[in-house]
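Me: Please take a close look at one part of this model, the interface between the two chains. I would like one connected account.

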Protein chains: 2
Amino acid sequence: MTTRREPQRYLKIADFLREEILSGRLAVGKPLPSESELCELFSTSRGPVRQAIATLRGEGRISSGRGRRSVVLGDFRAERFESTYSVYSRFQEAGIEVQQKILQVSRQPADATVAAALHCEIDTPVIYLHRQRLINGINRVIQHHFFPYEIGRCLLEYDETTGSLHRMLTSRGVHFDNVYRLVNIEFAEPEDARALDVTEGFPLWHSEQRIHSHSSKPVEFSIFKFRADRMSISMSSVRGTRSPLQISLAETVSS
Amino acid sequence: MTTRREPQRYLKIADFLREEILSGRLAVGKPLPSESELCELFSTSRGPVRQAIATLRGEGRISSGRGRRSVVLGDFRAERFESTYSVYSRFQEAGIEVQQKILQVSRQPADATVAAALHCEIDTPVIYLHRQRLINGINRVIQHHFFPYEIGRCLLEYDETTGSLHRMLTSRGVHFDNVYRLVNIEFAEPEDARALDVTEGFPLWHSEQRIHSHSSKPVEFSIFKFRADRMSISMSSVRGTRSPLQISLAETVSS
């Protein structure tokens with residue numbers, strides 16, 4: 001397909017600029033090379049160069065355009081797509097080794113929440129996987145995963161030695177294309193408090209992931225819980241871009 | 001400047017597609033128009049069309065490309081840039097009317113944290129503004145703002161009737177171009193507990209904003225605190241894009 005060519009070119013230019021920033025060769029506070037310099041360097045027209053620059057701006061790495069040359073804002077790392085739904089990937093990115101303990105794999109009827117998330121009827125059979133993630137033998141994350149039956153039924157074979165759950169499913173042809181996450185703080189109920197070794201009522205980070213295929217079909221619904229005091233979030237935002245984020249302080253969120 | 005033309009065109013196409021999605025004319029699960037259709041509609045080459053599509057993908061609104069037509073993922077609203085640093089803007093976006101009570105405006109020497117954030121020496125005079133944000137008369141947000149002296153000195157004239165702090169500064173030529181946010185959960189100390197009418201030790205959302213000009217000069221450092229149980233975050237992420245976000249579950253975050 002001839003139409004594949006140009007997108008690859010802007011990604012190459014974006015990768016080049018990102019690497020220049022992360023390596024420190026393009027230092028914080030310094031301006032980017034000019035559009036013409038980048039056009040010459042990559043033997044390309046302005047289109048892909050501008051798209052590469054817009055990509056880096058969307059990642060919060062360079063300041064806004066507005067007719068002036070953007071400057072480098074920071075050399076922080078942005079979250080990998082895989083880390084939005086894979087705790088394994090997130091800890092691996094942070095250089096932390098994580099173990100797992102699988103508590104349950106079962107076929108069970110979907111309740112209302114799961115049915116809504118997986119776009120199926122209530123009581124449709126789904127595959128449920130319950131596990132804990134441990135660091136140095138201490139449980140850090142409680143995970144509940146729900147899959148459509150056809151996707152998850154291979155998980156009866158999945159155990160602690162198999163490695164990443166999502167890599168196994170990917171190798172079987174499941175395509176994790178996009179994720180919608182919803183996060184709240186909740187107060188630990190007795191069961192979660194015991195599992196995470198905190199007092200009842202301790203604040204937990206409650207994160208729900210709805211993962212879809214390219215064509216927007218649900219492939220997984222998951223819930224992660226961990227101590228809220230062990231979490232930090234950072235974000236870089238640039239005028240003229242919109243982040244895929246919504247923080248709500250609504251009065252309607254129940255306490 | 002001739003170079004201004006094309007970026008405006010891709011933004012126009014992106015605005016068109018975003019509006020089609022938000023209005024529901026382009027429904028969730030439906031494919032985008034083809035590149036050639038969009039080229040014809042906007043009498044343009046493929047470059048701006050692709051950049052517009054990449055922009056929407058970065059906003060988490062459409063699925064990944066990979067040679068197939070992207071489909072619409074959701075009609076959620078992404079956070080406005082202004083809402084990353086302005087509580088006024090954030091509540092306005094949510095349709096909630098918010099009042100303010102100014103507790104202190106002062107010139108004072110920068111401590112180590114403020115000096116690091118504003119890139120100045122310790123003990124350099126800075127302007128400090130302390131205020132609360134109220135909804136229906138109840139205090140919801142504690143805010144501490146620090147400005148370089150030259151930027152903030154006009155704030156001695158700022159009071160409850162003046163309207164948005166950031167609009168006033170913008171009208172005086174201060175350019176808020178980009179924001180780096182860092183969020184943690186902390187447990188309420190006595191003073192904050194009293195101000196927010198919660199028990200001591202109640203979990204608070206602690207958010208720090210470092211705001212810079214286009215050339216990366218610090219224009220403001222702020223700290224917002226509010227009840228963690230009143231907050232929710234949602235995010236949409238698409239394979240092949242990087243969000244300007246980093247969530248850390250590091251073991252090194254102290255409890």
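Here is the interface, from its extent down to single residues.

Reply: This is a predicted model: local features need pLDDT of at least 70, side-chain atom pairs count only at pLDDT 80 or more, and totals for chains, interfaces and linings use all residues. Residues are numbered from 1 along each chain as its sequence is written, chains are lettered from A and ligands numbered from 1 in written order, and side-chain values use heavy atoms, without hydrogens or water.

Chain B puts 87 residues in contact with 87 residues of chain A (heavy atoms within 4.5 Å). The two chains bury about 8500 Å² between them, 53% of it from carbon and sulfur atoms. Buried area is the accessible area (1.4 Å probe) lost on putting two parts together, summed over both.

Polar links come next. Across the interface, 24 residue pairs are in polar contact, both residues at pLDDT 80 or more. A polar contact is a pair of N or O atoms within 3.5 Å; within protein, one must be able to donate a hydrogen and the other to accept it, and residues adjacent in sequence count only if both atoms are side-chain atoms. The rule also finds two salt bridges (a side-chain nitrogen of Lys or Arg within 4 Å of a carboxyl oxygen of Asp or Glu). Glu82(A) bridges to Arg239(B), with the closest N and O atoms 2.8 Å apart.

On chain B, strand 4 gives the most to the side that touches chain A: nine residues. Strands (E, at least two residues) are DSSP runs numbered from the N terminus. Strand 4 of chain B also pairs antiparallel with strand 7 (residues 232-238) of chain A, over seven bridges; pairing takes at least two DSSP bridges. There, Val238(A) stands opposite Asn178(B).

How values were computed: Helix = DSSP H or I, 4+ residues; strand = E, 2+ residues; numbered from the N terminus.
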